[in-house]
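Me: I'd like to go through the labels on this one and hear what each of them rests on. Here is what I'm looking at.

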Amino acid sequence: MAQINSERFLADLHELRQFGASGVGKGVVRPAYSEADIAARDWLAGKMRDAGLRVHVDPVGSVFGLAEGPSLLLGSHSDSQPEGGWLDGALGVIAALEVARASVEAGGPPVSVVSFQDEEGRFGVTTGSAVWSGNLPLDKADGLTDRDGVTFADARALMPHREDAFVDPAQFSGFLEMHIEQGPVLDRESDAIGVVEAIVGIRDMKITLEGEQNHAGTTPMQGRRDAFQALSRFNTLIAERFQNVVTPSTVWTIGHVTLHPNASSIVPGRVTFSMQWRDGDADRLGRMETIIRQTAEDVAHSGGFDLSFGPMLGLEPVDMDARLHDALAHSAEAEVSGRWRKMPSGALHDATNVSKMMPVAMLFVPSINGISHAFGEDTDEADLVTGLRVLAGAVGQLG
Ligand code: HGY
Ligand code: MN
Ligand code: MN
């Protein structure tokens, strides 16, 4: 079996962190197609070449390091949230690199590596793997805009060394993605490894309410069409109306708000906000959509607002492949007997898209205090190495 080198793995992980290092703790600012992201992908391509893999940058900028012939595919993403941690995505990419490199040194089994582009959704939801899998047509993706109005088409054109063709998925026998948990369970329960059973589904859309911009001193409260108040009312109503529909694991988030013109002395005339919801049950996601649309219409109608909905993005809940899941579970039991658990993923991952094309499975390592999508994200290095060993063990069984 391939002999992984944990010092080399940790050194590479720390080197990748330097691209877009935020200066706050181990935080990273490396959104998709930023200078830091492109430089990191260039560095990664060099590492893949040094490992004996053939580099293929696909039309959207996902970077593959390909083994010759049929192989397992391992990886994740190397872009970050606007304020992100050093491990979200990066861990799965560098773990994949180390396992592939060790496999080449050992003469097999063949392992390919990928860093998908825009997993963190500057433009969509897991955009790079969604396009590769056909979950999101490229021409639709090209029309998506980020919060500053930049199109996906313009952003992906910035990525150098792109090839015209997408990678043929038929060469891969399966996909394994290692990731931090990004939640509190493993840390709280003192478990070293989570073997994922299923990934939740997600829906995400922008909603705009247009009222009337006016003077904050002279406009009577009665009769104002204040866009902030409309959002506030929507937010309160939606929580009430969800009550009989959601479960304790259902989540929804208004994470991005643009209030126009966003000034202290102006009654705001327009608000555009993101509405995102996640659940493991596709029917429930649908029922929530109906409530969201109806509530926005009620708020608009009662307050005299114009209402518009942006494109609806989403991914369905998916189960992990039993054979790959069992390989990870056996490897976890061999490595940390009694200190691992099966669990769902509340975060989205590229594995959801890849499952359309091949069997997929995932493993988690603990997130300290369950913090992620924040500069404070971290994991004990001993846990990172344990995860790498479990991943390599599963590859050894499957290869
Ligand atoms: O939002 C997510 O779950 C993922 O980290 N992009
Ligand atoms: Mn991630
Ligand atoms: Mn993330």
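Me: What makes E212 count as partly exposed?

Reply: The cut-offs do: buried means under 20% relative accessible area, exposed over 50%, and partly exposed in between (1.4 Å probe, protein chains only). E212 comes out at 36% relative accessibility, so partly exposed it is. Bear in mind that this is a predicted model, where local features need pLDDT of at least 70, side-chain atom pairs count only at pLDDT 80 or more, and totals for chains, interfaces and linings use all residues, while side-chain values use heavy atoms, with hydrogens and water left out. As for names, residues are numbered from 1 along each chain as its sequence is written, and chains are lettered from A and ligands numbered from 1 in the order in which they are written.

Me: Why is the meeting of the E212 and R225 side chains called a salt bridge?

Reply: The label needs a side-chain nitrogen of Lys or Arg within 4 Å of a carboxyl oxygen of Asp or Glu. Here N to O is 3.9 Å, so the pair qualifies. E212 sits in the loop between β7 and β8 (214–215), and R225 in the loop between β8 and α8 (227–242), so the contact ties together parts that are 13 residues apart in sequence. (Helices, H or I over at least four residues, and strands, E over at least two, are DSSP runs numbered from the N terminus.) R225, at 28% relative accessibility, is partly exposed too.

Me: How do you know that R270 and E210 form a salt bridge?

Reply: Their closest N and O atoms are 3.8 Å apart, so they pass the test. R270 belongs to strand β12 (residues 270–279) and E210 to strand β7 (residues 201–210), so this one ties together parts 60 residues apart in sequence. R270 is partly exposed at 29% relative accessible area, and E210 is partly exposed at 33%.

Me: How far apart along helix α9 are E289 and R293?

Reply: Four residues, about one turn of α9 (residues 282–303). An α-helix has 3.6 residues a turn, so residues three or four places apart point the same way. The E289 and R293 side chains meet at 2.9 Å, N to O, so that's a salt bridge as well. In total the structure holds 21 of them, and R8, D12, K47, E98, R101 and E105 are linked in a network.

Me: What makes H77, D88 and H179 the residues that coordinate the manganese ion (ligand 2)?

Reply: Distance. Donors are N, O and S atoms within 2.8 Å of the metal (3.2 Å for Na, K and Ca), and since water is not among the atoms, sites may look incomplete. H77 (NE2), D88 (OD) and H179 (NE2) lie at 2.0 to 2.2 Å, so they count as donors. H77 is in strand β3 (residues 71–77) and D88 in the loop between β3 and α3, so they tie together parts eleven residues apart in sequence. Both residues are buried.

Me: Which residue bridges the two manganese ions, ligand 3 and ligand 2?

Reply: D88, with the ions 3.6 Å apart. The protein donors of ligand 3 are D88 (OD), E120 (OE), E120 (OE) and H373 (NE2), at 2.1 to 2.4 Å. E120 lies in the loop between β4 (111–116) and α4 (127–133), and H373 in the loop between β17 and α12, 253 residues apart. E120 is buried at 13% relative accessibility, whereas H373 is partly exposed at 39%.

Me: What caps the N-terminal end of α10?

Reply: D321, through a side-chain oxygen 3.1 Å from the backbone nitrogen of R323. Helix α10 (residues 322–335) has 14 residues and spans 20 Å from first C-alpha to last. The expected span is 1.5 Å times one less than the number of residues, and the helix is close to the expected 20 Å. Its buried residues include L324 and L328.

Me: Which residues touch the most other members of the largest nonpolar core?

Reply: F9, L176 and I193, out of 99 residues. Such a core is a set of buried Ala, Val, Leu, Ile, Met, Phe, Trp, Tyr and Cys residues joined through side-chain atoms within 4.5 Å. Helix α3 (residues 90–106) gives the most, with ten residues. Leaving aside neighbours within four places in sequence, L176 is in contact (heavy atoms within 4.5 Å) with partners including L324, L328 and L398.

Methods. Polar contact = N/O pair within 3.5 Å; in protein donor to acceptor, adjacent residues only side chain to side chain.
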